[in-house]
Amino acid sequence: MTSDGESRPAPDWVGDVGLGVKAWVGETPSTPVEPPPARPRGGHGGEARREGGKGGRKGGRKGGRKATRTWEEREAARLAREEVAAAELEADPEAVARKILLDTLTGQARSRKELADKLAKRGVPDELAGELLDRFTEVGLIDDAAYARQWVESRHRSRGLAPRALAQELRRKGIDDEDSKTALEQIDESDQRAAARALVDKKLRSMRGLDHQVATRRLAGLLARKGYSAGLAFSVVREALGEAEDDEPHPDF
C-alpha cells in the first residue's frame, strides 16, 4: 500500500522461494515461471493418478522439490547467510565470539585448541579469541585436564583403545603432555588386557574355521591398530585361541 492509499502490485518473486532469496541478496529476479496448468479432476488425469499410485505421488513431490531448489539458489542462500554472519561479527565481534563458544560447548566438552580452531574458522580476531578463551578457562568452562580424563575413559571403554592410540588422539586435540599423561594413568595393565581380550573375543565369532596362523595374524593386527604393544597383543591372542580350541567339540573314536 502506497502513501496515497493505492495498492502497490506485489513483486514478481512473491511466492517463489528461490527468487525471493535472489531479491533479498540484491539480485534482479528473473521472469517468474508460469504455474503449470491445473490438473483436471476427471478423465485421463484421474486415471493417471490411479495408475501411478503411491510411487507417482512420491515421485511428483520429489521432482517438484528439486525444481524449486536449484544449486544456484542454495548457493545464493549460503552466501547470504555468510554475509549476515560477517556483518554481525563486524558489528559486535565479542558477542558473536562468545555465542560461538557457548554453542560449541553445549552438550559436549571441548579442548581449548578445538575452540580456538572454531573461532579462527569463523573469522574471530586472534587477540579477541585469546582473551575469551582465557576468560572461559578461568571460570571453568574450558578445562583441558578434565576433558582429557573424560576422553580417555570414554574412548577406552567404547572403542577399546590402548594408551598409545589415546595419546595420539589427545595430541591432535591440543592436550599438553602433562594433562595427557595424568589422564592415561587411569588405564592400568589389567584394564588394557581386559579390553584387548574383549576385542579379540568379539572378532573370533566371525573367524571360526580359519587357519591358526591366519587367525593369529589378523587378531594381532587388530590389536596393533588399537595401540596395543606386540607383547600384550600376542599374549592375549594365544590365550584366546587356546581357549577356543579347547572349547571345540572333538570327535569320538
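Mentor: We take the helices, then the salt bridges, then the core and the surface.

Mentor: This is a predicted model, where local features need pLDDT of at least 70, side-chain atom pairs count only at pLDDT 80 or more, and totals for chains, interfaces and linings use all residues. Residues are numbered from 1 along each chain as its sequence is written, and side-chain values use heavy atoms, with hydrogens and water left out.

Trainee: How many helices and strands are there in the protein?

Mentor: Helices (H or I, at least four residues) and strands (E, at least two) are DSSP runs, numbered from the N terminus. Here the protein has twelve helices and zero strands. From the N terminus on, the order reads α-α-α-α-α-α-α-α-α-α-α-α.

Trainee: How many salt bridges does the structure hold?

Mentor: Start with the idea. Side chains of opposite charge can pair when their charged atoms come close. A salt bridge is a side-chain nitrogen of Lys or Arg within 4 Å of a carboxyl oxygen of Asp or Glu. The structure holds twelve of them. One joins Asp-103 and Lys-99, at 2.7 Å from N to O.

Trainee: Where do Asp-103 and Lys-99 sit in helix α4?

Mentor: Helix α4 covers residues 93-105. Asp-103 and Lys-99 are four residues apart in this helix, so about one helical turn separates them.

Trainee: Is Lys-99 buried or exposed?

Mentor: Learn the scale before the case. Buried means under 20% relative accessible area, exposed means over 50%, and partly exposed lies in between (1.4 Å probe, protein chains only). Lys-99 has 53% relative accessibility, so Lys-99 counts as exposed. Asp-103 is partly exposed, at 45%. In the protein as a whole, buried residues make up 29% of the 253 residues.

Trainee: Which residue forms a salt bridge with Arg-112?

Mentor: The partner is Asp-134, and the closest N and O atoms are 2.8 Å apart. Arg-112 belongs to helix α5 (residues 112-121) and Asp-134 to helix α6 (residues 126-138), so this pair ties together parts 22 residues apart in sequence. Arg-112 is partly exposed, with 27% relative accessible area. Asp-134 is partly exposed too, at 38%.

Trainee: Which residue forms a salt bridge with Arg-193?

Mentor: Arg-193 pairs with Glu-239, with 3.7 Å between the closest N and O atoms. This pair links distant parts of the chain, 46 residues apart: Arg-193 is in helix α10 (residues 189-204) and Glu-239 in helix α12 (residues 230-247). Arg-193 is partly exposed at 29%. Glu-239 is partly exposed at 34%. Salt bridges with shared partners join Arg-193, Arg-197, Asp-201, Glu-239 and Glu-243 into one network.

Trainee: Which residues of the largest nonpolar core touch the most other members?

Mentor: A nonpolar core is a set of buried Ala, Val, Leu, Ile, Met, Phe, Trp, Tyr and Cys residues joined through side-chain atoms within 4.5 Å. The largest one has 18 residues, and Val-200, Leu-219, Leu-223 and Tyr-228 touch the most other members. Helices α10, α11 and α12 each supply at least two residues of this core. Helix α12 gives the most, with six residues.

Trainee: Which residues form a positive surface patch?

Mentor: Patches are made of residues with over 30% relative accessible area and no salt bridge: like charges are joined within 9 Å, nonpolar side chains (Val, Leu, Ile, Met, Phe, Trp, Tyr) within 5 Å. Lys and Arg count as positive and Asp and Glu as negative, while His and the chain ends are not counted. The place of a charge is NZ of Lys, CZ of Arg, CG of Asp or CD of Glu. Here Lys-203, Arg-217, Arg-218 and Arg-225 form the positive patch. Helix α11 (residues 212-225) gives the most to this patch, with three residues.

Trainee: Which residues form a nonpolar patch on the surface?

Mentor: Areas come from the Shrake-Rupley method with a 1.4 Å probe; for residues, only the protein chains shown count as cover. Leu-102, Val-139 and Leu-141 form the patch, with about 270 Å² of accessible area together. Leu-102 lies in helix α4 and is partly exposed at 40%.
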